[in-house]
Amino acid sequence: MLTTTEYQNITIEPFGEEHEHFYMKLKELSKVDDQEHVHPAKSEVAFVALADRVPAGMIFTYHRPFHPYCTYISLLVLPSSDRMLIASRLLDSLSAHRMVYPLQISVWETDFAMKQALVKQGFYEIRNTYNVHIATSQCGFIRDEEYFMNRRSDYELLSLSEFLAREQGEEELVHLVKKTYEHTHRANPPGLFDRSRWKAFLHGQDLDSQGSYVALNATNGHCAGFALLHSTSENGVAEMGWRGVASSEPMDLIMLLTREQMRYAADNGIKQLTCEVDSTDPYQMEMLHVYPFEPAPAWVTYHKQR
């Protein structure tokens, strides 16, 4: 909620040990994920805003090795403050520092004050991310079975474990996974890594290789598409991961792969499937448009160029 709070004085100071308690308070209020960023004390740039000598917000930057071509920003402001004003002052504090551009920050679509502050500072929206879920009991109410049976005759569907047990094809799948991820993250591309880094995603500890699927074109035997499934720490819940199709294949192959995953989930005691869907990902969006996922607010990502 926007406020009309007026302050006599707003000052910006570097983050220090004396601000640790305030950070913990903001972290709890904002539900900050420790895995998303470094602690502000270890950040290259970290500031606290004081409104009339009382801490009201903070900002700090961090980097992600897998996406090295931008600087990530965490901006936390007390709900009880004039959030747009405090956020603007904190964003101003970054201007004097040399950083890798673009700058990137994500906020909830309902956080109007923060969004206004970002736009006024020259940030622009690059994507929406939806953290959606669907009960496996709802997965059967999709199109008609005849469609899926007819399409399936065009492809050989293998679980990832079956596919990897073959003596050939893994390199082709790794290439498709890499190409798909790069295509859906063009605004903030991944770094330049060798094949072993991408291959590791197919052997991840949390990857359910029985519930992940690969589609082979029945005519030429080439890898046509894939859909990954991950286990979670929550009982009865699995996460639908990256998915994609080769450029020579129809987009609706995603539906065949997703349907197979949903069947697997229902048959193996998985009650709910979750998925993080980016608006820049046509494969995930195809799935989102067809299956009855529960509505979810968007996590809006902004960039700012130098």
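## Basis and overall make-up

In this predicted model, local features need pLDDT of at least 70 and side-chain atom pairs count only at pLDDT 80 or more, whereas totals for chains, interfaces and linings use all residues. Residues are numbered from 1 along each chain as its sequence is written, and side-chain values use heavy atoms, with hydrogens and water left out.

The secondary structure of the protein chain comes to 9 helices and 12 strands, these being DSSP runs numbered from the N terminus (helices H or I, at least four residues; strands E, at least two). The C-alpha trace spans about 70 × 40 × 30 Å along its principal axes. Of the 306 residues, 48% count as buried, where buried means under 20% relative accessible area, exposed over 50% and partly exposed in between, with a 1.4 Å probe and protein chains only. Contact means heavy atoms within 4.5 Å, and among contacts with a separation of 6 or more, 72% join residues 24 or more positions apart.

## The nonpolar cores

A nonpolar core is a set of buried Ala, Val, Leu, Ile, Met, Phe, Trp, Tyr and Cys residues joined through side-chain atoms within 4.5 Å. The largest one has 31 residues, and those with the most contacts inside it are M240, L253, M262, L273, M287 and F293. Elements that give two or more residues to this core include β10 (237-245), β11 (272-278) and α9 (282-290), while α8 gives the most, with 8 residues.

Leaving aside neighbours within four places in sequence, M287 is in contact with M240, R243, I254, M255, T258, C275, V277 and F293. A second, separate core of 26 residues includes L75, I86, M99 and I105.

## Helix α8

Helix α8 has 15 residues and reaches 22 Å from its first C-alpha to its last, close to the 21 Å expected at 1.5 Å a residue, the expected span being 1.5 Å times one less than the number of residues. This helix is mostly covered, with 12 of its 15 residues buried, among them L253, R259, E260 and M262. Just after α8, G269 takes a positive phi of about 75°.

## Helix α2 and its surroundings

The buried residues of α2 (residues 83-92) are R83, I86, A87, S88, L90 and L91, and what covers them includes β1 (10-14), β2 (46-51), β3 (54-64), β4 (67-77) and α3.

How values were computed
Axes are lines fitted to C-alpha atoms, for helices over the stretch in contact, and angles run from 0 to 180 degrees between N-to-C directions.
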